[in-house]
Amino acid sequence: MNDMRLTERAVDSKDVKIAARKVQVFYGETHAIKDVDVDIDDKTVTAFIGPSGCGKSTFLRCINRMNDTIDVARVEGDIHLDGEDIYNPKVDPVQLRAKVGMVFQKPNPFPKSIYDNVAYGPKIHGLAKNKAELDEIVERALRRGAIWDEVKDRLQEPGTGLSGGQQQRLCIARAVATEPEVLLMDEPCSALDPIATAQVEELIDELKQNYSVVIVTHSMQQAARVSQKTAFFHLGYLVEYGETGQIFTNPKDSRTESYITGRIG
Amino acid sequence: MPTLWLVLIILALAAVGYVVGRQRALASSGGNAKLLHSLPSYYGANVSFAVIIPAIGLLILWLLVQPAWIQNRVADMIPEGAIPEGATLGLVMSDVERVATGLNLAVEQGAMSEEDASSIRTEFTDVRQRLGEVGVALGSNVDAPVLRAAQRYREMSATGNTWMTVAVLAAALFGFVSSLAVTKAGFRARNTVERVILIMLMVAASIAVLTTLGIVLSMLFETRNFFQQYPWTSFFFGLEWAPDFRGNSNLSIIPLLWGTLYISFIALLVAVPIGLFAAIYMSEYAGPRVRSVAKPLIEILAGIPTIVYGLFALITVGPLLRDYFAMPMGLGESASSVATAGVVMGIMLIPFVSSLSDDIINAVPQAMRDGSFGLGATHSETIRQVVVPAALPGIVGAILLAASRAIGETMIVVLGAGAAAAQFDRGLGELVNPFEAMTTVTVKIVSQLTGDTDFAAPETLVAFALGLTLFVITLGLNVLALYIVRKYREQYE
Ligand SMILES: Nc1ncnc2c1ncn2[C@@H]1O[C@H](COP(=O)(O)OP(=O)(O)OP(=O)(O)O)[C@@H](O)[C@H]1O
Ligand SMILES: [Mg+2]
């Protein structure tokens, strides 16, 4: 009996990577996130779904404190990463963001060469001892971003000269190059064709072996394909959170069901 | 009819044309605007343009050509003998014009009847006195040929003006009628208006370009005169600036150019780091409250007249640099120095660099910064590696603008660095000593053109050669900047 409880607890505490309690976000007067409680597991893919403007991106940005850069934004409540409060004044948001990487909703490559875009993070964090190592990191990241074959002959060309979908994959490569523990992806496949989408999903699957991945998506099929857990947001509330299979086959809340079947959106 | 009235009539006609054109277009489609090719207002605008453009164009052309043409005709009336010793036909002709204006004034004020004005003769009337009474002072007595020429001048102007009025009004009416005639539902008024607007914009652009060209050409002309009297090799490669109005001057640009570049260099050394850092602080770190106070304060620096900066250099900075730096270090004892002018000029240039760079840094999209922050970069890493590189073309532009200001600045140099040209024969030590007095090209241009000048002497004409050289240098600087920016863009955008 005792043993059982112990193992159960061990599994639980190892598994929860991010724990959020009573999170509120305000943009000036707008109350964008209301009372969100959620536990995001380690080595899992969690999908955030919900209609446009419901606060998915906003909540995602709370996890790596990107909301700090928005003057009007105010975050309340607790978010713990590995049991540590990330909004504690002692926490350095810069270090936090090195651990919690992000792919933004709109691709935002730097006005630098493709190589420098990917090498940016590793250089800042001193991940490579020499040029050869850096080359290796860049190549690996670009391969994982499913864009290596397209850019391997033009690494010195500007990243901004790529197509929209290529830019998005470049940004994915840039984010994985720093080897974050958590990867937040805000609609990473919105500009990708089915082949590139499949490649990115493969990457997500691979990342899941070691990291925790949170992905915002508007595609139910994608959420169902890649995620183990799904959270449904509506008007700033986290309406339902659970196993992906359960959410899609047997939602408890009527709003979730309406959204999944296409009645609200 | 006075020209002003003529213009007003044309404008009124244009306004009427707008209304009528609009109505006619609507009427042609039976009141249904959807059947028209363009919006009704385009038909109105089309008629207005057809009234204004030819009429005003003709008016301007006429006003430009008529005086020259009349002068030409009247000049024939002045016999060789009537031109006094030492004067030219041009001087006599300006006398003729003055007398003609005087007669006009006299008639206007009622001091002379119209008939008197055209019939008075020098033999019977003291024209000089009569005109003096109405406020037109003449330098000498009026000769008979001059008076007759002036009277002829008046007559011709009067007829010319009448014809001008007739012609311009005819043009306006023709435009009115002919454009109304084509105003029908199928007429593409929108495209016509579009084309007219395009042409107007092109005219504006070409005026700007032609003015530049005109400036260069006028300088070129005088510069050629200069080089006919002074060897260009000595001008460009000589090492001494020693003008002497009695002749035998040494007029080399090198000592002046050295002063210009040295002072500008020090000015940029002051302005670029301070301006750039201020801009970065303002746009990246300062809160909205600090920003709203500090930014206008910095920009006030740009509004201070340069002569005030000059006084600041003369009274404060010069003695300060002399007493605390130059004298203790044994580098000189003059308050006028390259360093004084350079530092003060640098202060003047800070707002140029900072406010332009500030705008440019603000224009870098937030998404760039977010991308960098999201990878765990600090604020200053983000600025150094993402924001500044992205803004670099604009920053280079701002610095070059500051550089061309520095090269062209005169007042601060006169008061801060003196008016003595660098002396190459005293050795390198003095040339590079920042506490030595020196002067620049622009200061010498001013001093060669002030006072009693003889526009045939090389000592005066050298000013044009200096100006043209300076122009070429700044042009080269701009081309270089464009090249750098373009090269950089290819790499990064
Ligand atoms: N910077 C901001 N300033 C003010 N309000 C904002 C800001 N960003 C988002 N909001 C508001 O917060 C709410 C949630 O926005 P959020 O971007 O999180 O939506 P989302 O779920 O990501 O939508 P989408 O699927 O369209 O990306 C919206 O009502 C939006 O108007
Ligand atoms: Mg979003």
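The legends below describe close-up views of a predicted model. Residues are numbered from 1 along each chain as its sequence is written, while chains are lettered from A and ligands numbered from 1 in the order in which they are written. In this predicted model local features need pLDDT of at least 70 and side-chain atom pairs count only at pLDDT 80 or more, whereas totals for chains, interfaces and linings use all residues, and side-chain values use heavy atoms, with hydrogens and water left out.

**View 1. The magnesium ion (ligand 2) and its protein donors in chain A.** The magnesium ion has as protein donors S57(A), through OG, and Q105(A), through OE1, lying 1.9 to 2.3 Å from it. Donors are N, O and S atoms within 2.8 Å of the metal (3.2 Å for Na, K and Ca), and because water is not among the atoms, sites may look incomplete. S57(A) belongs to helix α2 (residues 56-63) and Q105(A) to the loop between β6 (100-103) and α4 (114-124) of chain A, so the pair ties together parts that are 48 residues apart in sequence. Helices (H or I, at least four residues) and strands (E, at least two) are DSSP runs, numbered from the N terminus. S57(A) is buried, at a relative accessible area of 17%, whereas Q105(A) is partly exposed, at 36%; buried means under 20% relative accessible area, exposed over 50%, and partly exposed in between (1.4 Å probe, protein chains only).

**View 2. Residues of chain A around ligand 1.** Of the 13 residues around this ligand, S52(A), G53(A), K56(A), S57(A) and T58(A) come nearest, a residue being near a molecule if one of its heavy atoms lies within 4 Å of it. An N or O atom in the side chain of K56(A) is 2.8 Å from an oxygen atom of ligand 1, and a polar side-chain atom of S57(A) lies 2.6 Å from an oxygen atom of the ligand. For Q105(A), the distance from a polar side-chain atom to an oxygen atom of ligand 1 is 2.8 Å.

**View 3. Helix α2(A) and the residue R65(A) that follows it.** Eight of the eight residues of α2(A) are buried, so the helix is largely enclosed by the rest of the structure; among them are K56(A), S57(A) and T58(A). R65(A), in the loop between α2 and β4 (73-81) of chain A, has a positive phi of about 55 degrees although it is not a glycine, and R65(A) is buried, with a relative accessible area of 12%.

**View 4. D82(A) in the loop between β4 and β5 (84-85) of chain A.** Phi of D82(A), a residue other than glycine, is positive and near 50 degrees. D82(A) is partly exposed, with a relative accessible area of 46%.

**View 5. Helices α9 (residues 254-285) and α12 (residues 338-363) of chain B.** The axes of these helices come within 6 Å and cross at roughly 35 degrees, where axes are lines fitted to C-alpha atoms, for helices over the stretch in contact, and angles run from 0 to 180 degrees between N-to-C directions. By class, the contact of α9(B) with α12(B) has 24 nonpolar, seven polar and two charged residues; Ala, Val, Leu, Ile, Met, Phe, Trp, Tyr, Cys and Pro count as nonpolar, Asp, Glu, Lys and Arg as charged, and the others, Gly among them, as polar.

**View 6. T183(B) in the loop between α6 (144-182) and α7 of chain B.** T183(B) is buried, with a relative accessible area of 1%. T183(B) and Y43(B), 140 residues apart in sequence, are 6.7 Å apart in space, C-alpha to C-alpha.

Notes. Polar contact = N/O pair within 3.5 Å; in protein donor to acceptor, adjacent residues only side chain to side chain.
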